[in-house]
Amino acid sequence: MSTLLVVGGSGFIGRGVCRFAVRDGHEVRSVSRGGRPDLAADWVDDVSWTSADLFRPNAWRDRLDGVDAVVHAVGTLTEAPTDGVTFERVNGDAALLAALEAERAGVDAFVFLSAAGKPPGVRNAFLTAKRRAETGISDLDLDAVTLRPGPVYGEGQPHVPGVVDRLLRFVASARPIASRLGESRPLSVDTVARATYRAALDPDERLLDVGDIRELAG
């Protein structure tokens, strides 16, 4: 069995990664600002939760001890610059910092949740920061895997209104429409989380696009 650290494990996709890993008997740790999520689910008790500021690695660096793979599931679709929440900082710098810490700790694999494209109405910096992080991580001494999902829908989606989430779910279920969208094809949170988890256990592929994610999730 493996030991996984999910950075952002209390978040939308991170929770799914933790759930799949616990189900299969792996040791699972999480570092996130929110710490333990308020969920009534048995698997939550089997995760070692740490609440910490990612930009203060002294507060969570010890959580990397003995870790086989790190999953970085932190990201934002909205900004609050006065609170330090910008695309450059959250979608780019946070991932690079986590990867550098993982490399220093001797972690074998690092899985980065990136994105296939920029959501409508969102600054170009959203995707620029993701791509910058991808490049920086690939230069490190890690088995690095990048996933580029399209829009992700599912219960508890915090980044879009409920009506948008329902629209994404409908589009994904309408195969003639979904198949024409290519890299913009919506994916369920369970599909993305399952593929992310499996990539952490077997980091052979370097870059997984929407089709690869669907295939890996099964």
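Begin by selecting Phe87, which is buried at a relative accessible area of 2%; buried denotes under 20% relative accessible area, exposed over 50% and partly exposed in between, with a 1.4 Å probe and protein chains only. The model is predicted, so local features need pLDDT of at least 70 and side-chain atom pairs pLDDT 80 or more, while totals for chains, interfaces and linings use all residues. Residues are numbered from 1 along each chain as its sequence is written, and side-chain values use heavy atoms, without hydrogens and water.

A search of the whole structure finds 3 aromatic pairs; rings of Phe, Tyr and Trp (its six-membered ring) pair if their centres lie within 6.5 Å, with planes under 30 degrees apart stacked, over 60 edge-to-face and the rest tilted. Phe87 and Phe126 form an edge-to-face pair, with 5.6 Å between centres and 90° between planes.

Now select Trp43 and Trp49, both of which are buried. Their ring centres are 6.2 Å apart and their planes stand at 50°, so this pair is tilted.

Move on to Leu147. Contact means heavy atoms within 4.5 Å, and among the residues that Leu147 touches are Val111, Leu113, Val192 and Ile213. In the largest nonpolar core, of 35 residues, Ile13 and Leu147 touch the most other members. Such a core is a set of buried Ala, Val, Leu, Ile, Met, Phe, Trp, Tyr and Cys residues joined through side-chain atoms within 4.5 Å. Finally, select Leu5, Leu54, Phe110 and Leu140, which belong to a second, separate core of 25 residues.

Note on methods:
Lists of a residue's contacts leave out its neighbours within four places in sequence.
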